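Here are some exercises to work through with the model open in your viewer. Try each one before you read the solution.

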Amino acid sequence: MSDSQLTLYYLPFRARAEAIRMILEYAGIQYQDVTVPMKDWMGIKGNTEIAPFDQLPSMRLPSGEIIAETGAIVRLVAKLAKIYPEDPFVAARADMVYEFAVELNVINPLLNFWPIHSEAWQTNYASFFQNLPRNLNIIQGMLGDQAFFGGPTPHHGDFAIFHILDTCLTVKEDSVNSHPALLAYMERVRSIPAIGIYLQKRADPVSLGMAGSFMQVEVAKVFDNSTGALHH
């Protein structure tokens, strides 16, 4: 790893790290993408050298300093990528788009955490997709007739929104069909050369299916679900 390289630490799925990765890929910024296996997570949690707030993602800077909190990392890499608006009012509107995507982050545990037969999964699934048409209307209204939320080129909010929409389609493949303008928007994001290459090379999530979510499958490899005991 070069002295100027960034290091991203996250667990073995997309979720909160995906916008970070997409921004770095879009800008061609070199980084090391370190996947922390589930079997190692409990030992790393609380390690201030990687997870100072007991959570991931985190990013190690070339200086060795660790930056935690997804929003802080997203804004950092957006500035490094020169897609974070310099005008404070334009930046606020870009942050508004990003923060709205954050409000929809419950789609991540629907894919990655709750077992699909659990009450938590079923309740949140019903609520999320019941409210999704209204939220898609809001997203489409913010986009308007622009190519991207950033205008002719994307800003950090674009990659956060794209991840949410992409995950919605992963969980429920017809969930965005009522908004063809957003499907067209997603195709424009996919058509960005660096993003297209990244989307082709990234690992597929494990299928949802009867065994539970992707995250639940990974947890089952490490923990005994009946006792909560760690497998050795």
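Is Lys 201 buried or exposed? Lys 201 comes out at 54% relative accessibility, so it counts as exposed. The cut-offs: buried is under 20% relative accessible area, exposed is over 50%, and partly exposed is in between (1.4 Å probe, protein chains only).

Some ground rules before going on. This is a predicted model, where local features need pLDDT of at least 70, side-chain atom pairs count only at pLDDT 80 or more, and totals for chains, interfaces and linings use all residues. Residues are numbered from 1 along each chain as its sequence is written, and side-chain values use heavy atoms, with hydrogens and water left out.

**Exercise 1. Work out what Lys 201 pairs with, and what that pair ties together.**

Step 1: look for a partner. The side chain of Lys 201 meets that of Glu 25 in a salt bridge, at 3.5 Å from N to O. A salt bridge here is a side-chain nitrogen of Lys or Arg within 4 Å of a carboxyl oxygen of Asp or Glu.

Step 2: Glu 25 sits in helix 1 and Lys 201 in helix 9 (residues 193-201), so the pair ties together parts 176 residues apart in sequence. Helices (H or I, at least four residues) and strands (E, at least two) are DSSP runs, numbered from the N terminus.

Step 3: check the other end's accessibility. Glu 25 has a relative accessible area of 18%, so it is buried.

**Exercise 2. Describe how helix 1 packs on helix 9.**

Step 1: get the geometry. The axes of helix 1 and helix 9 are 8 Å apart and the angle is about 130 degrees. Axes are lines fitted to C-alpha atoms, for helices over the stretch in contact, and angles run from 0 to 180 degrees between N-to-C directions.

Step 2: name the arrangement. Helix 1 and helix 9 are therefore oblique to each other. Angles under 35 degrees count as roughly parallel, over 145 as roughly antiparallel, 65 to 115 as roughly perpendicular, and the rest as oblique.

Step 3: list who touches whom. Glu 18, Arg 21, Met 22, Glu 25 and Tyr 26 of helix 1 meet Ala 194, Ile 195, Tyr 198 and Lys 201 of helix 9, where contact means heavy atoms within 4.5 Å. By class, the contact of helix 1 with helix 9 has five nonpolar, no polar and four charged residues. For the classes, Ala, Val, Leu, Ile, Met, Phe, Trp, Tyr, Cys and Pro are nonpolar, Asp, Glu, Lys and Arg are charged, and the others, Gly among them, are polar.

**Exercise 3. Now do the packing of helix 1 and helix 3.**

Step 1: the axes of helix 1 and helix 3 come within 9 Å and cross at roughly 10 degrees. That makes helix 1 roughly parallel to helix 3.

Step 2: The contact of helix 1 with helix 3 splits into eight nonpolar residues, one polar and no charged.

**Exercise 4. Trace the salt bridges of Arg 21.**

Step 1: start inside helix 1 (residues 18-27). Arg 21 meets Glu 18 in a salt bridge, 3.3 Å from N to O. Glu 18 and Arg 21 are about one helical turn apart because they are three residues apart in helix 1.

Step 2: Asp 33 belongs to strand 2 (residues 31-35), twelve residues from Arg 21.

Step 3: compare accessibility. Arg 21 is buried at 7% relative accessible area, while Asp 33, at 33%, counts as partly exposed.

Step 4: zoom out. Arg 14, Glu 18, Arg 21, Asp 33, Asp 166 and Arg 202 are linked in a network of salt bridges, and the structure holds ten salt bridges.
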